[in-house]
Amino acid sequence: MKKKIISFICMLTACVTLVCAAVCFSACGPKNQLLEENIIDDNYDNYYEIFVYSFCDSDGDGYGDLNGVTQKLDYLRDLGYTGIWLMPIMPSPSYHGYDVTDYYAVNEKYGTLEDYENLIEKAHELGIKVIIDLVVNHTSSQHPWFKSALNYKKGLGTESTYADWYNFATSMKPNYHQNGGVWYEGQFDSGMPDLNLENTKVRAEIDNIIKFWIEKGTDGFRLDGCLYYSSGMSLSVEFCKFIKQTAVKYNPDAYIVGEAWDGQLIIKQFYESGADSFFYFPAAGNGDIAKAVNAKSALQVWKGMTAITEVSGDYIPAPFLSNHDNGVGRIAGRMARDEDKIKFAYGLLSLFSGSTFTYYGDEIGMVSKNATSDPDVRVGMLWDNDRTGMTQLPPGASSEYIFDGVAEQLKDSNSILNYYKLCNNARNAFPALMRGSAERTVLPDANILYLTKTYKNEALNIDQTLKIIVNLSDVSKKVEDVEGTLAQSICVSDSIKFSGSTLTMPKYSIAILT
Ligand code: CA
């Protein structure tokens, strides 16, 4: 699938007509409208993370499924997403799927391989990439490989091909579990035995798994648990390199994003693997962006931006606000459930270069009832206030919804959802917003962030410089001596006024000037 500088004009014409009518003359004024897209065929995308179980149920059995995701691809593309990450879709005994029993099939709750191929085909037609969770640090303890290996170690079976695919011991070691007198490594828990990733046969199998999914049209992988691949950092990094090199054998454009849930120094080391991206945890949850919103601090945003740039080097940064297990709940909770702050946090995220990741439901301000509960962060997507077709709760979850569903928010030009759409559109319209290198002009007002972002791409004849001015305070501010053309404004309330060389910026507003 190729995404050349196509502008998606056909699709957008319909939306622009509808949304312009709704948004152009909303509280944020005439500049608060969707712009023509300028999509570039590279691995910078607005990604959307989907927990299939809780997203959209196409057949009424109470579980979200792949056909449900396919039904919502138009919705996601209309919102400005050009990539989706599906959390584990392979067969698994757990509801979350992070313990796989078959790497060459689709969880039957979610559908079939045919459904998956259909999803990919529709996604590619719309210009959406599909990456999936690749969970190979460990398998399920129910995986036939592990059962065979364990039986052999226990003296119950004949020779097993898989005896050295896992890490066994004859006595207790840290993070080892016992079964019938045999000890095995399981960094996460006893149901998730760690694969021996230094074993060449295991690597050959993983090569085959990657080939299998790429041949189905998969555009890349999200690597689960990179920190745990090995007890030594260098081997874990080397294994990420193996994955990236394997993936590009089968698709030169394959996008790999890894989860190394740690601080800047560790994430930076993982980038040495050559994998495209690693999630930038220090900006998420209660990190840089939440801190910047709460402290109204331009410096805090700048610190986050310079740190992620330093960590990612020449690779693609991967900032995000929430995910399925960061331990502090969704961004709406981190923003004290304040609608303006929830919007603005995403506005700030959208100023970061890289591929941003949105966790499903964050675009409508979904909350986790208990911030520290993983199941609560994974409850059903609220498609409408009547809860039509709502998926069943994950085991142990309780849910709470404090904002309208998708259907209602689509109709409300001031909704969180339409704010997300505006931010994604700006990233798709301005290559420099998504990819540019940033410089800061320090202003006397600590609440005003003044950035210049530049991006050059000679092959595509792009040479773009943007000025981005942000009012982080909760009151209106004037910024003097501003030159340029106000190309887009992203506001939570009143409009930005640009008169002479003075910008009058309402609270939590973002001006993009060319
Ligand atoms: Ca279903």
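A disulfide here is a pair of cysteine sulfur atoms within 2.5 Å. Keep that cut-off in mind for the second stop.

This is a predicted model, in which local features need pLDDT of at least 70 and side-chain atom pairs count only at pLDDT 80 or more, while totals for chains, interfaces and linings use all residues. Residues are numbered from 1 along each chain as its sequence is written, and side-chain values use heavy atoms, with hydrogens and water left out.

**Stop 1: helix H6**

Select residues 200–215. This is helix H6, with 16 residues. Helices (H or I, at least four residues) and strands (E, at least two) are DSSP runs, numbered from the N terminus. From first C-alpha to last, H6 reaches 22 Å, close to the 22 Å expected at 1.5 Å a residue. The expected span is 1.5 Å times one less than the number of residues.

Look at the start of H6. A side-chain oxygen of Asn199 comes to within 2.7 Å of the backbone nitrogen of Lys201. Now go past the other end. Gly217 follows H6, and its phi is positive, near 105°.

Show the side chains of H6. Its buried residues are Val202, Arg203, Glu205, Ile206, Asp207, Ile209, Ile210, Phe212, Trp213 and Ile214. Buried means under 20% relative accessible area, exposed over 50%, and partly exposed in between (1.4 Å probe, protein chains only). The partners of these buried residues include helix H4 (113–126), helix H5 (144–153) and helix H7 (233–250). Strand S3 (129–134) and strand S7 (220–223) also pack against them.

Stay on Arg203. Its charged end sits over the ring of Phe242, 4.9 Å from the ring centre. For this, NZ of Lys or CZ of Arg must be within 6 Å of the ring centre and within 35 degrees of the ring normal.

**Stop 2**

Select H7. Its 18 residues should span 26 Å at 1.5 Å a residue, and its end C-alpha atoms are 27 Å apart, which agrees. Buried in H7 are Ser236, Val237, Phe239, Cys240, Phe242, Ile243, Lys244, Thr246 and Ala247. The buried residues of H7 pack against S3, H6, S7, strand S8 (255–258), helix H8 (264–271) and S9.

Cys226 is buried, at 0% relative accessibility. Cys240 is buried too, with a relative accessible area of 0%. The disulfide count comes to 0.

**Stop 3: aromatic rings**

Colour Phe, Tyr and Trp. The structure holds 37 aromatic pairs. Rings of Phe, Tyr and Trp (its six-membered ring) pair if their centres lie within 6.5 Å; planes under 30 degrees apart are stacked, over 60 edge-to-face, and the rest tilted.

Pick Phe279 and Phe357. They form an edge-to-face pair, 4.9 Å centre to centre, with 80° between the planes. Phe279 is in strand S9 (residues 277–280) and Phe357 in strand S11 (residues 356–359), so the pair ties together parts that are 78 residues apart in sequence. Both Phe279 and Phe357 are buried.

Next, Tyr359 and Tyr360. This pair is also edge-to-face, at 4.8 Å centre to centre and 70° between the planes. Tyr359 is buried, at 0% relative accessibility, and Tyr360 is buried at 0%. Arg330 lies over the face of Tyr360, 4.9 Å from the ring centre.

Then select the aromatic cluster: Tyr47, Trp85, Tyr255, Trp261, Phe279, Phe281, Phe320 and Phe357.

**Stop 4: Ile316**

Go to the loop between H10 and strand S10 (318–319), where Ile316 lies. Ile316 is buried at 9% relative accessibility. Its C-alpha is 5.8 Å from that of Asp276, 40 residues apart along the chain. Not counting residues up to four places away in sequence, Ile316 touches residues including Tyr255, Tyr271, Asp276, Phe278 and Gly354. Contact means heavy atoms within 4.5 Å.

**Stop 5**

Gln300 is in helix H10 (residues 298–312). Gln300 is buried, at 17% relative accessibility. A polar contact of 3.2 Å joins its side chain to that of Asp288. A polar contact is a pair of N or O atoms within 3.5 Å; within protein, one must be able to donate a hydrogen and the other to accept it, and residues adjacent in sequence count only if both atoms are side-chain atoms.

Finish at Leu348, in helix H12 (residues 339–349). Leu348 is buried at 1% relative accessibility. Among the residues it touches, beyond four places in sequence, are Ile289, Ala292, Val301, Leu472 and Ile510.
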